[in-house]
Amino acid sequence: MESAILKTENLSAFFGSQCVIKSVNLEFPKNNVTAIMGPSGCGKTTLIRCMNRMHELVPGASTSGKILLNDEDLNAINPILVRRKVGMVFQRPNPFPTMSIYDNVIAGYKLNGIRKKRAEFDRIVEESLKKAALWDEVKNTLHRKGTFLSGGQQQRLCIARALAMNPEAILLDEPTSALDPKATSLIEELIGELEKSITIIIVTHNTAQAARISEYTAFMYLGEMVEFGNTEKLFTVPKHKKTEEYLTGKFG
Amino acid sequence: MVDNGVSFRIFKDNLFKWSLVLVSFLATVPLFLILFYVAKNGISSFSWTFITHLPKPPGEAGGGILNGIVGTLLLIGWSSLLSIPLGITLGLYLSEFREGFFSYWVRLCIDVLQGTPSVVIGIVAYAWIVITMGGFSLFSGGVALSLIMVPMIVKATEETLKLIPSALKEASLALGVSYSKTIFKVIIPSGLSGIVTGILLGVARVAGETAPLLFTAFGNPFVNWNPLKPVSALPILIFNYASSPFPEWHQLAWGASLFLVTIVLLLNAVSRVVIRKWKVQF
Amino acid sequence: MFYRSVWNPVSGDFGAFPFIVGTLFTAFLALAFCTPFALAISLLLGEYWRGTTWSGILQTLIEVPAGIPSVIYGFWGLFLVVPLIRSLESKLHVAPYGVGIFTASVILSIMIIPYAASLMIETIKLVPYDLKEAAYSLGATRVEVIRNVVLPYARSGVFAGILLALGRALGETMAVTMVIGNSNFIPKSIFAPANTMASIIANEFTEASDPLHLSSLIEVGVLLFFLTMVINMIGKAIIRRTVSGAYG
């Protein structure tokens, strides 16, 4: 397995006193796609929300254990810095409705008051939109509002927005569940390209999607990490009974 | 085949409906009467002198309502200054922290304030400010009006911000933007149309208020900019002149009424346009 | 102080009973006048014309009066309604003051129609469609459905609307002050001049040099405050229960 830049060590997460993630140890290989799958309520969304410190925004939520990015414990540094290093794309596309496409892409910089020369921003916008496979479609309408795009385009805009911050890893929370099949396959293609330069973690409840796009898969059940391994091997010869039952649709 | 019983019921049904229509439109007649008479009587007062001169003593024709116009503008200014920051902040707080001890009390106070008759608010402002300052003043009038404006702005802000999906906040936070910046640069701009509407409607309401001003701003036959001294306002003028026995003053009151009604209706119309044009779609 | 019925600043008597009577008399009379109109409007906007262009027009025509300042209602009332009432009173062989409880109630009722109607409209809209459908499928006409299904269901909301309008009417000052006739005695008839708690404060507050006078006026204000607060709270509690019932 290639070296992992992102690891969790005994990571547990709580809502109040209720434990929703139990002591998870995972290593996410660099420049690969790792899928996290499992039935509803298994804790997969909570897991990735811990990774960019969004989990703690819920009142009463807490975590224990470590999250290491390049051997630096993310739980010990300012959450705002964490979120600049680890980007996130959500289930429903959420471009900022008051901003143009151009401004949406560099929103991470603008909102933080980070100034750059106009030419620099132009370059970032073009690069990010190209990486998100959206450049050709919007290059002439960069100053229109983001909400005029279709669902699939909006989601690619959100991906561009996350990429513009140059994160080391990007977390995708069921990014295609609100999209039609055509848009979904476009984004899956895009992920295939992106993983060459960035580590991708994707939560999905669509096992077929996990099989299509990931190199590694983690299966979670009731807050515990049941199995982790190479996708092909996990899907064909799962080691755990629960994994096999999930894959064969005994529960969903 | 329709038998007699049924056709009677159908007849009753239609009769009912048309009587509803009649009654409803009857209820709208006073509006037209008021607007018509105010316009008819007030238009003859309108002239450049009217807007730029002070009122003349009773018995002399002519004069203007400059003291009222400036006074109303100053009062609106002071009231907005006091109520907008506070109102938006409280509205923001209530939309972010819906549960909780503090929220409950703030909400309760705002509700009580909203339901308080304006004359009672005038008494409160009198007790707090006029007595402390030892006299009537523009400032006390501003305070009284801000007590009326604050609940309106709080409610408008809270309602607008509640409608903004939390996904927006999350998107911003996930980019590593701090909480305060998220609020000021993402959430509030998205809710701006609702907040501005609340402010416009608050101003429209407060421009027409009389009772609280009677014992705070009190009135002044001259223009006054000094916040520590009494000031006039259009509603005060209308009240005083309408109740006086002098026909010249009545004429001024009609003109002032036309002026005031136009401003208030204009503000209401603008706020509707704001809501439609600025409203952010999600 | 609240039961004594003589209010005479000169003699130092400050019984506020006449104003309590005046306030309640005008407010309830205004409610009685406005309810049929508010109900008619809310049935049209909540039932018959729901979602049509006519409803937009009627809605605007009802909302605009709510924005007109009360001093302008008073001014218009003083110069246009009072003479009308005066001629009515001479036809009825009653003292033709023109001003008085009746006039104040008429003006007040015009002012509170928007408040009563807006809440009633909302509750009528909340009546579930399948309930009405069941009645229609049994062959009921529209008015029968309204009488037997819509109104009973919306009853508490309609009541809350009336209560909230009452709260508004109790506190209304300027329009009432200008047309009520300013008499400090208990009004003996519907056409008699009177004063309400709000109007006595508006009239005498700035001229009250005697501290007892002033504090009596402030006490009247406090009473008015509590009265409106109680009415408003009851109204809001009813609304909260109706809304949670509709969605629960």
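Predicted model: local features only at pLDDT ≥ 70, side-chain atom pairs only at ≥ 80, totals over all residues.
Two residues are taken to be in contact if their C-beta atoms, placed from the backbone, lie within 7 Å. For α1 (residues 17-48) and α2 (residues 53-67) of chain C, the axes come within 10 Å and cross at roughly 145°. The crossing of α1(C) and α2(C) is left-handed.

The model as a whole scores ipTM 0.89 and pTM 0.82. Chain C has a mean pLDDT of 87, and 97% of its residues reach 70 or more. Within chain C, helix α5 (residues 129-137) has the lowest confidence, at a mean of 77, whereas helix α7 (residues 174-179) has the highest, at 93. Chain B averages a pLDDT of 89, with 98% of the residues scoring at least 70. Confidence in chain B is lowest in helix α2 (residues 48-52), at a mean of 82, and highest in helix α6 (residues 138-162), at 94.

The arrangement of the chains comes next. There are 2 pairs of chains in contact, and of these chains B and C share the most contacts. No contact joins chain A and chain C, and their closest C-alpha atoms lie 25 Å apart.

The contact of chain B with chain C takes 44 residues from chain B and 43 residues from chain C. On the chain B side, at least two residues each are supplied by α1 (4-43), α4 (101-115), α5 (118-133), α9 (211-214), α10 (234-243) and α11 (247-278). Of these, α1(B) gives the most to the side touching chain C, with 17 residues. Sorted by class, the chain B residues on this side divide into 30 nonpolar, 10 polar and 4 charged.

Chain B also meets chain A, in a contact that takes 19 residues from chain B and 21 residues from chain A. Here the helices of chain B that each supply at least two residues are α7 (166-174) and α8 (179-207). Helix α7(B) gives the most to the side of chain B that touches chain A, with 7 residues. That side of chain B has 11 nonpolar, 5 polar and 3 charged residues.

Chain B itself is divided into two parts, domain 1 (4-43) and domain 2 (50-278). Taken over C-alpha atoms, the centres of these domains of chain B are separated by 34 Å. Contact between the domains involves 5 residues of domain 1 and 5 residues of domain 2 of chain B. The side of domain 1 that touches domain 2 has 3 nonpolar and 2 polar residues, and no charged ones.

Chain A brings strands into the picture.

Strand β1 (residues 4-15) and strand β4 (residues 61-69) of chain A pair in the antiparallel sense over 8 bridges. A:T8 has its bridge partner in β4(A), namely A:I67. Strand β4(A) is also joined to strand β5 (residues 72-73) of chain A, by 2 bridges and again in antiparallel fashion. Here A:L68 has A:D73 of β5(A) as its bridge partner. The hairpin of β4(A) and β5(A) has 2 residues between the strands, and A:N70 takes a positive phi near 50° in this hairpin.

Definitions and conventions. Residues numbered from 1 in each chain as written. Chains lettered and ligands numbered in written order. Pairing = 2+ DSSP bridges. Helix = DSSP H or I, 4+ residues; strand = E, 2+ residues; numbered from the N terminus. Domains from an automatic or database assignment. Nonpolar A, V, L, I, M, F, W, Y, C, P; charged D, E, K, R; others polar. pLDDT = per-residue confidence, 0-100. Axes fitted to C-alpha atoms, helices over the stretch in contact; angles between N-to-C directions. Left-handed = near helix turned anticlockwise from the far one by under 90°.
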